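User: Hi! I'd like to learn how the words used for a structure follow from its numbers. Could you go through this one with me?

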Amino acid sequence: MPAPELFAAVATPVREDGSPDIDTFDRVVDFLVDAGVDGLCVGGATSEYPHFDAAERARLIERAAGRLGGGDRLLVGVGASNVRRTLHLARAAEAVGSRALLVPMPMFFRYGQEDLHAYCAHVSRAARMPCLLYDLPDFTNGLAPETAVALMSREEFIVGLKDSSGRAANLPAFAEARGSRPWTLLVGDDRLLHLGLAAGWNGAISGIACFCPELLVGVTRSFARGDLDRAVRLQQRVDELVARITPFPAPWGIRAGLACRGFDTGPLPLPLSAGRERQIREFREWFTGWLPRALDA
């Protein structure tokens, strides 16, 4: 099996009016590339994709591909409120040579598994480029494992899965269902990265890697070269960090972490209560002291 890959899910810095801050976005992308991630993912949950229109998202896709020198290291999330917009984003991803589309399930309204099956099949057939299913049940309709397996087994352009469900039981189950087929299985919950690699998954798309890429790159590279003790130690540091940002609405903790690394990502989408301001201040103080120790693990 090829060496596992670590994709950083990129946050979207914004200006005071809520539009993307392209200059800061470019700096974040360069920071992640310099840290050694294998690729980037734009347009996923970490990017807060519901906040931006199709033109803004297409521009971010183009910028990321430009900074990477092409789209072969780029995964593009195409979640949207309707199929027409999803396919518009797919065309933007195709135009830059994106490696694959990341297809989250529809949000807000509740749908059955047969509806999700029909949606994913339609998007993949219309886009006619590699598609990764994106199970994100905290924010969208949940994708049942049997639905995912059926789609990966029967649809030509559905080539794998990003699992952000947090269900550890899915790791061996999907690996077993894959068998010798060339599905790409990517962990979407940072707490499960080491377990996923041990189960034979192909890597991860990581939100934590957006502001602390050294840890996630370290887990992946240590595992790949057989240094399992160090991989476990770094995974423990990842778990500590996840526990610290879990109390925040996603992905506010990631953006607070980016601020500690020197990237002002602009105003958050909602006004901050006094309690939230205190939480963010305390997190920044903790993270600044914790990071040097964590990177020495």
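Analyst: Happy to! Please keep in mind that this is a predicted model. Let's begin with a pair of residues: alanine 9 has cysteine 41 in β2 as its bridge partner.

User: How do you know that β1 and strand β2 are paired?

Analyst: Two strands pair when at least two bridges are found between them. Strand β2 (residues 39-42) is joined to β1 by 3 bridges, and the two run parallel. With 3 bridges against a required two, they count as paired.

User: What makes the strands a barrel, and in which order do they come?

Analyst: There are 8 strands, and they close up in the order β1-β2-β3-β4-β5-β6-β7-β8, with parallel pairing. On average, neighbouring strands of this sheet are turned by 25° against each other, ignoring direction. Helices pack on the sheet too: helix α2 (residues 54-68) touches β2 and β3 (74-77), and its direction makes about 175° with that of β3. Helix α5 (residues 145-154) touches β5 (131-135) and β6 (158-163), at about 155° to the direction of β6.

User: Why is leucine 6 called buried?

Analyst: Buried means under 20% relative accessible area. Leucine 6 has 1%, so the word applies. This residue sits in strand β1 (residues 5-9). Beyond its neighbours within four places in sequence, leucine 6 has contacts that include Val37, Asp38, Ala209 and Leu216. Alanine 209 is 203 residues away along the chain, yet the C-alpha atoms of leucine 6 and alanine 209 are separated by 8.5 Å.

User: Is histidine 194 buried or exposed?

Analyst: Buried: its relative accessible area is 17%, and the cut-off is under 20%. Histidine 194 lies in helix α7 (residues 193-198). Leaving out residues up to four places away in sequence, histidine 194 touches Phe223, Ala231, Val232 and Gln235.

User: Why is β5 described as largely enclosed?

Analyst: Because 5 of its 5 residues are buried, β5 is largely enclosed by the rest of the structure. Cys131, Leu133 and Asp135 point one way, while Leu132 and Tyr134 point the other way, and all of them are buried. Strand β4 (residues 100-104) runs parallel to β5 and is joined to it by 4 bridges. In that pairing, proline 104 stands opposite tyrosine 134.

User: At what angle do helix α3 and helix α4 pack?

Analyst: Helix α3 (residues 83-95) and helix α4 (residues 113-127) pack at about 35°, with axes 10 Å apart, and the crossing is right-handed. Among the residues meeting there are Val83 and Leu87 in α3 and Tyr119 and Val123 in α4. The contact has 7 nonpolar, 2 polar and 1 charged residues.

Terms used: Residues are numbered from 1 along each chain as its sequence is written. This is a predicted model: local features need pLDDT of at least 70, side-chain atom pairs count only at pLDDT 80 or more; totals for chains, interfaces and linings use all residues. Side-chain values use heavy atoms; hydrogens and water are left out. Axes are lines fitted to C-alpha atoms, for helices over the stretch in contact, and angles run from 0 to 180 degrees between N-to-C directions. A crossing is left-handed if the near helix is turned anticlockwise from the far one by less than a right angle, and right-handed if clockwise. Contact means heavy atoms within 4.5 Å. Ala, Val, Leu, Ile, Met, Phe, Trp, Tyr, Cys and Pro count as nonpolar, Asp, Glu, Lys and Arg as charged, and the others, Gly among them, as polar. Buried means under 20% relative accessible area, exposed over 50%, partly exposed in between (1.4 Å probe, protein chains only).
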